[in-house]
Amino acid sequence: MPTEIRTEVLVIGAGPGGYVAAIRAGQLKKKVVIVDKDKVGGLCLNYGCIPSKALLYAAELIKNFEKAKKYGITAENIKIDIKVLRDKKQRIVNQLVSGVDFLLKGNGAQTIIGEAKFIDAKLVEVTSSNGDITRVTADNVIIATGSLPFSFPFLPLDGKKVITSKEALEVPFIPNEMGVVGGGYVGMEMASIYHALGAHITVIEMLDMVCANADKQIAQLANQRFKKDGIVLMTSTKVTGSKTLSDGKVELSVTGPEGEKKLAFNLAMVAVGHKPITSGIGLEKTGVKTDQRGFIQVDSQMKTNVAGIYAVGDCVGHQLLAHKAFKEGEVAAEVIAGNNEIEMDYRVIPWAVFTHPEIAGVGLTEEEAKQNGHQVKIGTFPFRAIGRAIGMDELDGLIKVVANQKNDEILGVHMFGASAGELIAEAAVAMGFEASAEEWGKIIHVHPTLSEAVMEAALGVNKHSIHMVNK
Ligand SMILES: Cc1cc2nc3c(=O)[nH]c(=O)nc-3n(C[C@H](O)[C@H](O)[C@H](O)COP(=O)(O)OP(=O)(O)OC[C@H]3O[C@@H](n4cnc5c(N)ncnc54)[C@H](O)[C@@H]3O)c2cc1C
């Protein structure tokens with residue numbers, strides 16, 4: 001006999017979108033049930049943001065040993081114990097997952113581990129791994145089922161030698177030669193990790209550069225640096241096939257500017273984007289509309305076309321980022337609780353790529369601003385002119401502010417350099433409060449810090465950077 005539950009809010013998926021929706025709905029005194037077929041925390045905590053950043057931190061430590069030589073500090077015999085590294089990464093993940101569990105409980109949400117499927121728009125059946133069935137009748141349902149990596153039929157994943165980031169984050173071994181298919185942020189972060197661990201990395205990217213969705217000038221700087229560090233970038237190149245060789249290596253067939261080639265790797269990681277998880281969940285029983293790519297269509301209050309059904313996070317598209325999902329989860333919960341004023345604002349969503357150095361942005365790139373018909377003025381400031389960056393030997397860095405020629409409005413901010421993932425928050429705050437470039441540049445920043453470069457770039461928009469000759 002299935003267990004029957006009635007609730008005011010049912011959340012399907014306990015990743016960043018779902019768990020934040022459940023916490024906020026609980027805070028707003030709603031009765032909440034949250035279901036996940038795997039673990040709370042979703043892709044982000046278990047197989048994405050958190051484990052990758054734990055390993056990227058380890059990669060940074062390794063890089064710092066190399067840099068230390070310039071300061072007269074030499075450490076002999078640096079060894080990497082992969083088991084200790086894996087255990088540390090897993091402890092970090094587990095700590096955060098139990099933190100989310102604690103927050104859900106603390107806000108009164110009931111968690112069920114099992115796979116959810118709609119029976120109709122108000123009734124969802126949850127099947128746990130031991131076959132137990134719970135039927136949840138809900139006044140409101142928030143779909144937060146996330147996304148899955150894409151794969152190609154000509155590049156089948158085997159989970160061992162041809163893998164996605166999920167398996168790569170387990171660091172199964174340190175390959176001699178690793179091929180990374182896809183030079184987006186997941187591909188480049190994983191390339192950075194394995195490069196620091198000692199693998200020879202070749203990134204195969206269809207577009208003419210990696211991290212191509214960044215501002216062009218910033219992406220070019222990043223591409224130059226990756227190459228200088230020894231990561232091979234095969235751009236404008238497509239993978240057309242793969243096979244396993246008799247020595248256990250994976251052979252990728254590629255075609256690019258130099259014609260067709262065959263490349264052998266000990267490990268190939270595929271990171272060519274994500275698709276929404278919206279099939280297999282009984283969505284057709286509800287009448288909820290998806291677009292051609294399967295993303296659920298929602299309005300700015302995260303409402304689908306069916307009354308009482310909301311959707312948040314990767315399954316609704318836009319940028320597939322955890323912090324975007326967090327905010328959408330909050331919006332859905334607020335709207336369900338009767339706060340009709342609130343809606344999602346997609347104008348200011350910062351992003352970061354945690355490579356070495358980091359890349360980050362918010363708002364329009366210079367190219368996008370021009371395509372949108374804006375006359376732009378640009379302020380840039382290099383880390384080479386920043387005392388703190390020189391002291392840290394982090395000279396490769398640039399901050400770029402794109403402003404509207406007409407009214408000095410900040411349209412976008414883009415950066416490459418140490419701590420860009422932290423520095424971008426300041427740009428998001430300036431844009432969020434609609435400061436002009438002039439107003440932003442007037443704010444006093446601590447000396448000596450990397451953040452002075454951000455202030456100087458804002459001043460540079462109107463040609464009054466102080467620590468550089470303005471042209
Ligand atoms: C390697 C990697 C690194 C990343 N790094 C970053 C980063 O640094 N910063 C950042 O912002 N983003 C990062 N992301 C992206 C981020 O992980 C996602 O944008 C985020 O997890 C989306 O949250 P979500 O709640 O929409 O979905 P998810 O986190 O995918 O959660 C969805 C949950 O729904 C569950 N589910 C699905 N179907 C069902 C069902 N039928 N029944 C029950 N449960 C179900 C799943 O088990 C899952 O737990 C990274 C992604 C990857 C792959």
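This is a predicted model: local features need pLDDT of at least 70, side-chain atom pairs count only at pLDDT 80 or more; totals for chains, interfaces and linings use all residues.
In helix 13, the residues Ser451, Glu452, Ala453, Val454, Met455, Glu456, Ala457, Ala458, Leu459 and Gly460 are buried, that is, under 20% relative accessible area with a 1.4 Å probe and protein chains only. Residues are numbered from 1 along each chain as its sequence is written, and side-chain values use heavy atoms, without hydrogens or water.

Because ten of its ten residues are buried, helix 13 (residues 451-460) is largely enclosed by the rest of the structure. Helices here are DSSP runs of H or I with at least four residues, and strands are E runs of at least two, numbered from the N terminus. The buried residues of helix 13 pack against strands 20, 21 and 22 and helices 11 and 12, contact meaning heavy atoms within 4.5 Å.

I turn to the ligand. Of the 39 residues around the ligand, Gly17, Asp36, Lys53, Asp314 and Ala322 come nearest; a residue counts if one of its heavy atoms lies within 4 Å. Helix 2 gives the largest share of the shell, four residues.

The protein covers 95% of the 990 Å² of accessible area that the ligand has on its own, by the Shrake-Rupley method with a 1.4 Å probe.

Key. Buried means under 20% relative accessible area, exposed over 50%, partly exposed in between (1.4 Å probe, protein chains only).
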